[in-house]
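Here's a quick briefing to read with the model open beside it.

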Amino acid sequence: MAVDLFAGIPVNDYAAALAWYERLLGSPPTFVASDTEAVWELAEHRSVAIEQRPEHAGHAMHTIFVDDFDARVAQIADRGLEPTKRETYPNGVRKATYHDPDGNEIDFGGAPL
């Protein structure tokens, strides 16, 4: 069975969110669906999207698990964003948490060293 993931992130100010997510994800969106929605394909069949929906903004919580955790966090820092929190779980899994301008939580996770 094939599975596609399309994770939505409601935002208040589309233009501000678009600029912030371009910095976080390191590129412009893969495509712009409308004047208030943009989509980034992170991997085949796995996308995140921002959409201007002020009544729901600030409530998203997504974790993106990557195999290049340290490099990814460093690249994001080079683009001017720092995690609001960093954690290492007892099993060694690492997580860096970022909050967009609306308070949505976007985490990057990485395997133990």
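Predicted model: local features only at pLDDT ≥ 70, side-chain atom pairs only at ≥ 80, totals over all residues.

Residues are numbered from 1 along each chain as its sequence is written, and side-chain values use heavy atoms, with hydrogens and water left out.

**Helix H1**

- H1 takes in residues 14-25, and at 1.5 Å a residue its 12 residues should span 16 Å, which agrees with end C-alpha atoms 16 Å apart.
- Helices here are DSSP runs of H or I, at least four residues, and strands are runs of E, at least two, numbered from the N terminus; the expected span is 1.5 Å times one less than the number of residues.
- Buried (under 20% relative accessible area, 1.4 Å probe, protein chains only) describes Tyr 14, Ala 17, Trp 20, Tyr 21, Leu 24 and Leu 25 in H1.
- They cover an arc of only 130 degrees around the axis, which puts them on the same side of H1; the arc is taken from the directions from the helix axis to the C-beta atoms.

**Ends of H1**

- Asp 13 caps the N-terminal end, with a side-chain oxygen 3.1 Å from the backbone nitrogen of Ala 15.
- Gly 26 follows H1 and has a positive phi, near 80 degrees.

**Aromatic rings**

- The structure holds 3 aromatic pairs (Phe, Tyr or six-membered Trp ring centres within 6.5 Å; planes under 30 degrees apart are stacked, over 60 edge-to-face, the rest tilted).
- Trp 20 and Tyr 21 are edge-to-face, because their ring centres lie 4.8 Å apart with planes at 75 degrees.
- Tyr 21 and Trp 40 make a tilted pair, 6.2 Å centre to centre with 40 degrees between the planes.
- Tyr 21 lies in H1 and Trp 40 in strand E3 (residues 37-43), so this pair ties together parts 19 residues apart in sequence.

Notes: Buried < 20%, exposed > 50% of the residue type's maximum accessible area, 1.4 Å probe, protein only. Polar contact = N/O pair within 3.5 Å; in protein donor to acceptor, adjacent residues only side chain to side chain.
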